[in-house]
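Here's a quick look at one protein model, starting with the space inside and moving on to a sheet. Have a look at the structure first.

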Amino acid sequence: MQGSAPPNDRRRGRRLPRTVTAVAATAALLPVFGTAHAAEPAQDGAAGSLQQAFSAAAQQYQVPQSVLLGVSYLESRWDTHPGMPSVSGGYGPMHLTDARTALAQFPQQGLGDGGDDGRGDASRPLITKATAEAPDVAALPATLTTLDRAASLTGMSADSLRGDAAVNVQGGAALLADTQKSLGEPLSSDPADWYAAVSRYSGASDEQTAASFADDVFDVIKQGQARTTDTGDQVRLAADPSLAPASGQATRMGLPKANDAGTECPPGLGCEWVPAPYQSLGTDPGDYGNYDKANRPADQKIDTIVIHDTEGYWDTAMQLVQDPSYLAWHYTVRSSDGHVAQHVQTKDVGWHAGNWYTNAKSIGIEHEGFLVDPGTWYTEAMYRSSARLVRYLAGKYGIPLNRQHILGHDNVPGPTASYISGMHTDPGPYWDWAHYMELLGAPVHATAGPWGGIVTIDPDFESNQPLYTGCVTAGDTCPAYGSEAVRLYTAPSTDAPLVKDIGLHGATGASTTGVNDVGARASTGQQYAVADRQGDWTAIWYLGQEAWFYNPENHPTAVNAVGAVITPKAGLASVPVYGRAYPEASAYPSDVPVQGIYAMPYTIAAGQRYVVGNVVPGEYYYAVTYDTSTSHKVVRGKQLYYEIQLGHRVEYVRADDVTLLPSTTRAAK
């Protein structure tokens, strides 16, 4: 039986090419929330229409076509997102900003991270008291209103600049040419002469970020790019490997230097120090904020990086992370240009993941954005800047670049069963994990032939468009948009019920298509042991059950892989799983309270298999007072745990309960 195919592939056909290039950063804009009026998409193939628009605009405004294409790639990867603004109020391939329109049409939502316990440690409950001011829409800076300037320069209407890709490209070309002239530079046919204008186009407020943006644009030009856009246009930028941009022009822009003293960022990335306060809030020694002092990696290994989105705009995140009564994470990445702010030294423990064990072992990176709205999109500059930062941190701390070490906040387990329903779900199904992993230099690819025993989830982001609900109103259908996730069923048919998540919905509750419901969802890069195959369908072991997803040979949504898996030891009917890897009771000294080892509601039955991502000793970081000398201690036990991909979130099993084996080992009949 092949079962019925899911109606989620709105643009089936050949797999769209994915590209890899260098990474960058730049300045500040406010994000927006929502979906705008859609323009007519280009017909399939009418192809070349966007390429022709770049050629015509370059000729009309005397901008080298490679410069125009390079800037657009760094903003949008040439996608048009017809009529939809980015999270920083930019429209179209050239990311022309019109924050007033975006904010007026689509009101902001509040910041999502912080209304609950970001520490994830019941030994010291967190009460957040922080508030943040909304942006002053009447006093937006010029960097948030570049579309107005483009309209003045071209004579085109604001509506057409927002919704017509060709007109949008004209507007971007006009801005670049006008900027070049304002800098006293000629409208040269040599791309190398446009370094300062490209830097200015970023809208960066500091020299390092502007230069980082320009460096990345020129790297794109040197390497070349080619891809099929979200509207089916084929766009190509020929490589120019000998290009040597006039990077010395950057000093002529008159931008201040960012305060990067003390930051831990890769060279050349626009990065500033915006410190979170470690501060006592009263006479109670446990009343302090907004992170914990530590000495990592000397005392504790850093083995995980957690990717978040802010569910709010940059200015709000900056206000809240500097409030001692709120939460603190390590870094924030700005949407408009990829500019990075560091708030907490990586040696210290941020309060960001909702699981204290994960916090103690991880670095948290927030990204300006909104998970529930597919109408808003992340810029390429942000993806690249973030990936560059993560590559640097992973290299510094020896963190593997895979999806059991580079987690979304939505992959972090609840520390105990009572936390599961309140765990966060960002960055959500619209974060392009495939592209992000490519930028990290760790693209998803097959590592096995027909039988490796494991699959790595890998749908095509653009054409994979499962139905989601609840983006704005509960139950309402979200706009169709590319997604990194596949949906999981109890049988090989879309008519079958979705698999259950008893921790999230209880024994009798059902998983849903809700955009925040991760109970029946597998994401790009996640790996699962194969349980069965039938025709175009593949079954994986997931939350203690077989879970089926549509995986046709001519348009696969997963690739075969090999690796290590665990299965319950012979003679055991099932084994428990845990949301944190805490030590055995005998490991605790007398002055540190013993932390309970509580099983989650999930179990692994005999014969089931789950992919292993890490092996760790039981460990607990005791930090409950402001005075680090009285309570800050690392307790490490002898009990070993395996981190496994149990469902959408990772979990832990005790090594004593399971057998570790290669995934290629066939299960006993």
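## The space inside

The largest cavity in this predicted model holds about 280 Å³ of space. A cavity here is a set of points on a 1 Å grid over the protein atoms alone where a 1.4 Å probe fits but cannot get out; points are joined across faces, edges and corners, and the volume is the space filled by probe spheres set on them. It has 25 lining residues, meaning those with an atom within 4 Å of a point. His81, Trp377, Tyr378, Tyr383 and Tyr481 come closest to the centre.

Sorted by class, the lining has 12 nonpolar, 5 polar and 8 charged residues (nonpolar: Ala, Val, Leu, Ile, Met, Phe, Trp, Tyr, Cys and Pro; charged: Asp, Glu, Lys and Arg; polar: the others, Gly among them). In total, the model has 6 cavities of 30 Å³ or more.

Helices (H or I, at least four residues) and strands (E, at least two) are DSSP runs numbered from the N terminus, and two strands pair if DSSP finds at least two bridges between them.

Strand 19 (residues 537-542) and strand 20 run antiparallel, joined by 6 bridges. Threonine 538 has phenylalanine 549 in strand 20 as its bridge partner.

## How to read this

Residues are numbered from 1 along each chain as its sequence is written, and side-chain values use heavy atoms, leaving out hydrogens and water. Local features need pLDDT of at least 70 and side-chain atom pairs count only at pLDDT 80 or more, while totals for chains, interfaces and linings use all residues.

Definitions and conventions: On a 1 Å grid over the protein atoms alone, a cavity is a set of points where a 1.4 Å probe fits but cannot get out, and a pocket is an open set with protein on both sides within 12 Å along at least five of seven lines; lining residues have an atom within 4 Å of a point.
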